[in-house]
Amino acid sequence: MASVCFYFQVHQPLRLRHYTVFDKDDRYFDDYKNSSICRKVANKCYLPANRLLLDIIRRYEGRFRIAYSLTGVLLEQLLSFAPEVLSTFDALAETGCVEFLAETYYHSLSFLYSRDEFIEQVNKHIETIENLFGQKPRVFRNTELIYNNDLAALVESMGNFDAIMTEGADHILDFRSPNFIYRPNGCSKLKLLLKNYSLSDDIAFRFSNRAWSEWPLTAEKFARWISRANGNGYVVNLFMDYETFGEHQWKDTGIFDFMRHLPEHVLKHPDNDFKTPSEVIQCYEPVDTVDVPHLISWADIERDLSAWLGNAMQSNAIHELYRLEKEVKKAGNEKVITDWRKLQTSDHFYYMCTKYFADGDVHKYFNPYDSPYDSYINFMNVLGNLSSRCSSHAALDKTNIADRTMIHKNDLTGQATESTFCRLS
Amino acid sequence: MRVFMLGWEFPPFISGGLGTACYGLTKAMDHLGIEVTFVLPTMLESAHDSHVKLLAAGSHGQTAAFKFDPLKNVMFRTINSPLQPYSTPDVYQRQIEETLRLKQKNCGLASQLFGAVDYSGDMYSEVYRYAAVAAQLAEDEQFDIVHAHDWITYPAGILVAKMSGKPLIVHVHSTEFDRSGEHVNQMIYDIEREGMHAADRVITVSHFTRNNIISRYGVSGEKVEVVHNGVQRNGGGGWALAESGIDKDEKIVLFLGRITMQKGPEYFLAAAKKVLEKLDNVKFVMTGSGDMMHRAVEMAAGLGIGHKVLFTGFLRGQDVQKIYKMADLYVMPSVSEPFGIAPLEALENNVPVIISKQSGVSEVLKHALKVDFWDVDEIANKIVAVLEYPALQETLANYGNFEVRRLRWEDSARKCARIYEEALVAV
């Protein structure tokens, strides 16, 4: 039996505006840039991909199944800039063939710096997904699939989750296959799903690479590779950025056609099927324990945290950010807390990466800044302003409520006005 | 391979980047075994020029510091001439008069030194006199190629190439547009243009300059190649803070270059004014001399920041090392900079740099902060950031220093050698 388990990561950061040390206002984000990128990606990727997958799900009457993880910062942007995308996600949720995963609402690295903050963000995300799509996530994935034993233990102790996912990195598997279910070291109930990076990257990274010996990749060929897992595992976990469709791999590479034909070829083999992560873990038991004492991620060849925390600027910026936690929360101002949380999105630190800067490469493609230095300066200037707001608010209002802005299902009905957030109280 | 090279300054007689570049390039060529005859104008009376005066005052120790390693394959030939790279006809005229006056005063010594040397009355005839003397020198020399650095030597280059039938390479370190903005001196422009068109190959120090000469001088792009400058490894000595009027806990932001329109000193001062609104414990040091020096002093006073800006005059040798050791940040707000070696030297001394996007050096440096020279707010923003965020200063300095180590004159010299060979094949 080989089950194909698709999970798509859907995320867009809130990019900061150019903010100098002389700026004094609290408008930190570049609404124009964020809205235009959001609309562009919606048109190139989210809308066509959602429609295609909806189409496939209907055609196969329940036999094609997928999972998404939608970040809170993305959902907020979709609501403001491209609400039609939310409607298509809603339609996908209605099919019953789509599972939504949990993560930190702000796509943050909070697990590394503040457990309290981490739990708050995960709960906020769960609540948002439940409001929007009527299902409570049972599977957790951390930002950039960052993972270690401690994370698994924490997630298990939260009590909400059946499973957690991470990268099927060679050095943690030690010649074992990612196509089985594992148990995180130290956990008794939680199950571990591992990304099959080789097959995932064939689609996400190599699909359009003409120098690749397997180019062009057809649905038929790929289905054959999947069938090879039969007898050597139960599940092929294909985890990738949703922007693979239409944004990283452009439409004219044939990526949409590939996806359209994939189910047909996968299902030709009677032993194959598609499952969502929750279905996978209900069907199979762990075969072994995986021990991950050191942090891993799905990024770059290093599969470590160096893309976010590799240089002095990155580590300085993130330490300064989390050093403010107490003050921010004490100040008790809702907008200060939300702004502080929006600054936690991992992308802000990714932009400061100097690792491949000199060579210019994939890191550059996603970067709105000319250089990592510019992004650090901008971030620190914003943080400086936020810090000064903490002290002024602490003096003013103690009674203000904490971050309770929440996207609600009603926002989807089209009457979304100026106030796109519905406060739950 | 033997090269007949025409230059107009060489350490320690330098006033800017050209001499540094010629030194670095010829030294690297020496290592590669390329024989170079280097012709350059000298005039001993230039001891009375602003910067050489400093040399005299600063004792011979400084000169000694600049003594070259033995360059086996480089021979120097000098022509007595008052030519100076960044001079203008007016300055030249004054200088000639000064020289003649001095000569009458020290008649005995002068005639001993120069014999009956004739200094032409104006800069242009001097350029052609230099050409004539260079051509004479060339008669006794064996060489395969003629390599001329910047406009003063182009007529000499053309003449020597014609007489010897060897290919001519002109090396553009700067153009009249860089030095004078849009108010170009027509005669200098004509000399530059003639040299570029007569040359078999043109070398520019950046793509910035390459585009410039293609669009402004009508040179065919096919024969223009970019050879970026390298950086000379100095290995700085340990200098303590001297009696400079600067406290240890004060941050120092450095401007180092000629104080001329081209280098954007007024943008530096305007940014300084903005920075001082935010921070107090900063001093701005302007090192260099030039025709905008007085205006810069007045401007600093006018902005009310005179007490925060120090002018050191032109520095050389170990004094330059010393000022780098003291600096926390180097700023180059050049309006038009064909290359810009100074930021590389700053990084070599672990000083992070802010450079203008209108510079050739921004093509080779990744680990630098880049600004538009006119964007005073952004320059100030970045200055404050470097002074306020130690992690930024550290990262810029570390990565920048590493990056600079990879810019080697040997690579520049190798590129030149390849261009020589191509030019020889074409002939």
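Guide: Of the 247 residues in the largest nonpolar core, Ile169(B), Leu254(B), Ala271(B), Leu329(B), Tyr330(B), Val331(B) and Ile383(B) touch the most other members. This is a predicted model, in which local features need pLDDT of at least 70 and side-chain atom pairs count only at pLDDT 80 or more, while totals for chains, interfaces and linings use all residues. Residues are numbered from 1 along each chain as its sequence is written, and chains are lettered from A and ligands numbered from 1 in the order in which they are written.

Visitor: What makes a set of residues a nonpolar core?

Guide: The set must consist of buried Ala, Val, Leu, Ile, Met, Phe, Trp, Tyr and Cys residues joined through C-beta atoms within 7 Å.

Visitor: Which residues does Leu329(B) touch, not counting residues up to four places away in sequence?

Guide: Leu329(B) touches Val253(B), Leu254(B), Val351(B), Pro352(B), Ile354(B), Ile383(B), Val386(B) and Leu387(B). Contact here requires C-beta atoms, placed from the backbone, within 7 Å.

Visitor: Why is Leu145(A) called buried?

Guide: A residue is buried if 20 or more other C-beta atoms lie within 10 Å of its own, exposed if 12 or fewer, and partly exposed in between. Leu145(A) has 23 C-beta neighbours inside 10 Å and therefore counts as buried. Its phi is near 55 degrees, a positive value in a residue other than glycine.

Visitor: Is Phe175(A) buried or exposed?

Guide: Phe175(A) has 5 other C-beta atoms within 10 Å, so the residue is exposed. Phe175(A) also has a positive phi, about 75 degrees, although it is not a glycine.

Visitor: Why are H1(A) and H10(A) called roughly parallel?

Guide: The axes of helix H1 (residues 31-59) and helix H10 (residues 255-268) of chain A come within 10 Å and cross at roughly 15 degrees. Angles under 35 degrees count as roughly parallel, over 145 as roughly antiparallel, 65 to 115 as roughly perpendicular and the rest as oblique. H1(A) and H10(A) are therefore roughly parallel to each other. The contact is made by Pro48(A), Leu52(A) and Ile56(A) of H1(A) and Phe256(A), Met259(A), Arg260(A) and Pro263(A) of H10(A).

Visitor: How many residues of chain B are in contact with chain A?

Guide: In chain B, 16 residues are in contact with 15 residues of chain A. H16(B) gives the most to the side of chain B that touches chain A, with six residues.

Conventions:
Two residues are in contact if their C-beta atoms, placed from the backbone, lie within 7 Å. Helices (H or I, at least four residues) and strands (E, at least two) are DSSP runs, numbered from the N terminus. Axes are lines fitted to C-alpha atoms, for helices over the stretch in contact, and angles run from 0 to 180 degrees between N-to-C directions.
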